[in-house]
Amino acid sequence: MVSNKAVRYNFISLHKKFRKSPQYKMRNLIRCCKNVIKHDRIRIHEGKYVVNSFFPPINSNAFYQIAMRVPGEGAAFFENHTLGKRLAPISTYIAVTHKCMYRCWHCSASRFMENKNKDMTTEEFLTVVKKIRDLGVGIIGFTGGEPLLRKDLEQAISLASAPSNNSKIKGSYAIHSMTLVFTTGFGLDLERAQSLKEAGLFGIAISLDSVSSDNHDKMRGVDGAFEKAIEAIKNSKRAGLYTMCQTMCTRELLQSGEIYEIAKYAKSLGIDEMRIMEPIPCGSMEDRPQEILTKEEQKKLISLHVEMNENKMYPKVSVFPYIESEDQYGCGAGSQHSFIDADGNLGPCDFLPISYGNLLTEEAEVIWKRMHEKMGKPRCKCYAKYKEEQVNLPKYYQLMRGRIDV
């Protein structure tokens, strides 16, 4: 990986910017990098190095972009980087439709499903995508509702992923933004998967809640949902997409050990990455606090990231609570991440029903600055679960600043 020209370019470029600050030490940058990858299994997909799907491939222009979208020049650039200040989020997910034929028990977007507003027109949809792309977002994810219901999804993907004209990184690595689709798998036949791939889609995450078809169907509220999900995974692999499954890890899955069986089954399907989420008190879960994991259960969930990535009987795993833990980057709501609902409202996170402005009437820079200043720095705990003031910065930022006691 170190011998890859684009990898070297990205890190040398960042080093040159950082070294203008007397506080910067290259050994601290190395410590940060080692901390990020210490419990991950790097995947190579079509020549691109993927630490996990929460960050663009590290030899891509999209990665260069997120590294540079920090305010300030000279020493101020490094200072702002260590404080989590950004000119653009690392990732933005867009709910592209109010529509979905499923009724998932944990749906975070249930408030949108009740909204009878019409979906954005193609022109409005592309306007929103272009504004986010031009802001400098490294990852643009398409969710919903069910995003595959939009026939103009390929247009949006092409716009988001098209190479930057001024990119120093060439070829397939020159993608402006890494694009992802989050789906139930409904409607993902081979032809659609190939169409998405040709449009420039990097990866797709397909929901997989159980190894039991009956249980999966029940959790999704539709008969045949399991069969459609498995076929979608196979079609995604055939089309050459970076293929993920996404599992909401409940207390029952943890206690019964079925989460391990799901991981083994996903491995047998050849997936590139398994994303494991936890129940969050939002959407359909707002009135079900008993489903939220305890702190001890969350620690056990986080430990799965380490355990499974160190054992090749399981696929590469990315546990969301691990990624946003104090030991890594923390919760990035409004600082590293943002969310656009199906009406064009920009907010800090998929799990927070907060809007700081509408992209159909305002510029992305204006709304992002307003939100970023209000939300503040990255937090050590999920803001949707812990809204109290959090003083410390996550480990990544402290390591970069030179603290050796973290």
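The legends below describe close-up views of a predicted model.

In this predicted model, local features need pLDDT of at least 70 and side-chain atom pairs count only at pLDDT 80 or more, while totals for chains, interfaces and linings use all residues. Residues are numbered from 1 along each chain as its sequence is written, and side-chain values use heavy atoms, with hydrogens and water left out.

Figure 1. V129 belongs to helix α6, which covers residues 122–135. Helices (H or I, at least four residues) and strands (E, at least two) are DSSP runs, numbered from the N terminus. The relative accessible area of V129 is 0%, so V129 is buried. Buried stands for under 20% relative accessible area, exposed for over 50%, and partly exposed for values in between (1.4 Å probe, protein chains only). With residues up to four places away in sequence left out, V129 touches I94, I140, F142, A156, L159 and A160; contact means heavy atoms within 4.5 Å. L359 is 230 residues from V129 along the chain, and the C-alpha atoms of the two are separated by 9.4 Å.

**Figure 2. Helix α3 and the elements packed around it.** Helix α3 spans residues 61–68, and seven of its eight residues are buried, so the helix is largely enclosed by the rest of the structure. These buried residues are N61, A62, F63, Q65, I66, A67 and M68. They pack against α1 (5–18), α4 (75–82) and β5 (178–183).

**Figure 3. Nonpolar cores and the contacts of M274.** A nonpolar core is a set of buried Ala, Val, Leu, Ile, Met, Phe, Trp, Tyr and Cys residues joined through side-chain atoms within 4.5 Å. The largest one has 102 residues, and F142, M274 and I276 have the most contacts inside it. Helix α10 (residues 225–239) gives the most to this core, with six residues. Another core, of 15 residues, lies apart from it and includes Y93, I175, F202 and A342. Neighbours within four places in sequence aside, M274 is in contact with C245, T247, I259, I262, A263, P315, K316, V317 and S318.

Figure 4. A salt bridge is a side-chain nitrogen of Lys or Arg within 4 Å of a carboxyl oxygen of Asp or Glu. By this rule the count comes to 19. In the pair shown, the closest N and O atoms of K316 and D40 are 2.9 Å apart. The two residues are 276 residues apart: K316 sits in the loop between α13 (295–309) and β9 (317–319), and D40 in the loop between α2 (26–37) and β1 (43–45). K316 counts as buried because its relative accessibility is 2%, and D40 is buried at 13%.

**Figure 5. Further salt bridges.** D209 pairs with R220, with 2.7 Å between the closest N and O atoms. D209 is in the loop between β6 (203–207) and α9 (213–220), whereas R220 is in helix α9, eleven residues apart. Both count as buried, D209 at 0% relative accessibility and R220 at 5%. R370 and E362 also form a salt bridge, 2.7 Å from N to O. Here R370 is partly exposed at 34% relative accessibility, and E362 is partly exposed at 24%. K38, D327 and K395 are linked in a network of salt bridges.

Figure 6. On a 1 Å grid over the protein atoms alone, a cavity is a set of points where a 1.4 Å probe fits but cannot get out, and a pocket is an open set with protein on both sides within 12 Å along at least five of seven lines; lining residues have an atom within 4 Å of a point. Grid points are joined across faces, edges and corners, and a volume is the space filled by probe spheres set on the points. The whole structure has one cavity of 30 Å³ or more. The largest cavity has a volume of about 40 Å³. Its lining consists of V36, D40, N52, F55, Y322, I323, Q328 and Y329.

**Figure 7. The second largest pocket.** This pocket holds about 790 Å³ of space. It is lined by 34 residues, of which F11, L14, L29, C33 and F63 are the closest to its centre. α1, α2, α3 and α16 (395–401) each supply at least two lining residues, and α2 gives the largest share, eight residues.
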